[in-house]
Amino acid sequence: MSRFTDSTRRSFVSDLRSIGVDCATSTYRAAKSFETSSSALFVHEFLRKPTIVGAVWPSSTGLARRMACPVPVQSDGLVVELGAGTGSVTQALLDRGVSPMRLRIVERSAALAQHLRRRFPALPIWQADAADLINLLPEGATVDAVVSSLPLRSLAPQLVSAILDQWRSVLRPGGLLVQFTYALRGESAELQNDFAACDSSIVWKNMPPAKVMVYRRVDTLVADELEAHEL
Ligand SMILES: C[S@@+](CC[C@H](N)C(=O)[O-])C[C@H]1O[C@@H](n2cnc3c(N)ncnc32)[C@H](O)[C@@H]1O
């Protein structure tokens, strides 16, 4: 004889429902508290080092998506993210379908790098300076794209110049550089020689609104040949 009566079934189902509701509620609460704690950490890091963090608040999902959008998915070369912060752009790169095997993440702040390691345990997170990029990458590595949220306008000019040298060295000819800025007007003078601007768009749903710029690494050999032809 079955001992699973209608009344026990009803109470079992109601127990399951309450567990389901509780699970959903606690998952939502956990996600919310993670978001709050990661934003709090970001603000804390900004207050400690405003010119290095360069933003009061992490990038919005819209800005992060726009940064990830130009990155080629069907390719084997590395994708290097610089200044990952709490990981908004990192998440957008993964959501876009960039394989974790291709991603290399660089963040200078120890606290933010630790946070990134907890958030993305499967990704290589380097707590390092973007000006040391060549030393971090394996020799001869092919880099398809550099996705940078570095605050180039507030970093020291010598540091910016060292960082740009690294980009020139590591990016393969034709490789992409994606950078955002809060300066909605004008072009970046430093990038004009070796990088060809191919796209720029403004993301209004961000605090503050930001401009995403996409550049292609000019093939210097081809450019030299073309120039020689023109002479
Ligand atoms: C504007 S925040 C962007 C954070 C995150 N990508 C976002 O979009 O929310 C810039 C980040 O770059 C990091 N950073 C600044 N200078 C750096 C450097 N030289 N090397 C590596 N990271 C750096 C800061 O610590 C900060 O996390």
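The buried residues of helix H4 are covered by elements that include H3, S1, S2, helix H5 (110-119) and S4. Buried means that 20 or more other C-beta atoms lie within 10 Å of a residue's own; exposed means 12 or fewer, and partly exposed lies in between, with C-beta atoms placed from the backbone. This is a predicted model, in which local features need pLDDT of at least 70, side-chain atom pairs count only at pLDDT 80 or more, and totals for chains, interfaces and linings use all residues. Residues are numbered from 1 along each chain as its sequence is written.

**Overall make-up**

- The protein chain holds eight helices and seven strands. Both are DSSP runs numbered from the N terminus: helices are H or I with at least four residues, strands are E with at least two.
- Of the chain's 231 residues, 30% count as buried.
- Among contacts with a separation of 6 or more, 67% link residues 24 or more positions apart. A contact needs C-beta atoms, placed from the backbone, within 7 Å.

**The sheet**

- Seven strands form an open sheet in the order S3-S2-S1-S4-S5-S7-S6, with mixed pairing. Two strands pair if DSSP finds at least two bridges between them.
- Strand S3 (125-127) and strand S6 (195-203) are the edges; each has a single partner strand, so one side of each lacks a neighbour in the sheet.
- On average, neighbouring strands are turned by 15° against each other, direction ignored. Axes are lines fitted to C-alpha atoms, for helices over the stretch in contact, and angles run from 0 to 180 degrees between N-to-C directions.
- S1 (residues 78-82) and S2 run parallel, joined by four bridges. Glu 81 has Ile 105 in S2 as its bridge partner.
- S5 and S7 run antiparallel, joined by six bridges. Phe 180 is bridged to Val 212 in S7.
- S6 and S7 are also antiparallel, with eight bridges. Ser 200 is bridged to Met 213 in S7.
- S6 and S7 make a hairpin with six residues between them. Pro 208 sits in that loop between S6 and S7. The peptide bond from Met 207 to Pro 208 is cis, with omega near -10°.
- Six of the eight residues of S7 are buried, so S7 is largely enclosed by the rest of the structure.

**Helices H3 and H4**

- H3 (residues 61-68) lies across strand S4 (143-148), strand S5 (171-181), S6 and strand S7 (210-217), and runs at about 160° to S6.
- Leu 63, Ala 64, Arg 66, Met 67 and Ala 68 are the buried residues of H3. They pack against H4, S4, S5, S6 and S7.
- In H4, the buried residues are Ser 88, Val 89, Thr 90, Ala 92 and Leu 93.
- Gly 97 follows H4 and has a positive phi, near 110°.

**Nonpolar core**

- The largest nonpolar core has 43 residues. Such a core is a set of buried Ala, Val, Leu, Ile, Met, Phe, Trp, Tyr and Cys residues joined through C-beta atoms within 7 Å.
- Met 67, Val 79, Leu 93, Val 146 and Val 147 have the most contacts inside this core.
- Leaving out residues up to four places away in sequence, Val 147 touches Met 67, Val 71, Val 79, Glu 81, Val 89, Leu 93 and Val 178.

**Ligand shell**

- The ligand has 24 residues around it; Ser 59, Gly 83, Gly 85, Arg 108 and Ser 149 come nearest. A residue is near if its C-beta atom, placed from the backbone, lies within 6 Å.
- Helix H2 (50-53), helix H4 (88-96) and strand S2 (103-107) each supply at least two shell residues.
- The shell divides into 14 nonpolar, seven polar and three charged residues. Ala, Val, Leu, Ile, Met, Phe, Trp, Tyr, Cys and Pro count as nonpolar, Asp, Glu, Lys and Arg as charged, and the others, Gly among them, as polar.

**Two further sites**

- Phe 46 lies in helix H1 (residues 6-48). Phe 46 is partly exposed, with 18 other C-beta atoms within 10 Å.
- Beyond residues up to four places away in sequence, Phe 46 touches Val 53, Ala 55 and Val 56. The C-alpha atoms of Phe 46 and Val 56 are 6.0 Å apart, and the two are 10 residues apart along the chain.
- Asn 135 belongs to helix H6 (residues 133-136). Asn 135 counts as exposed because it has 9 C-beta neighbours inside 10 Å.
- Asn 135 and Gln 166 are 31 residues apart in sequence and 9.7 Å apart in space, C-alpha to C-alpha.

Terms used
Contact = placed C-beta atoms within 7 Å.
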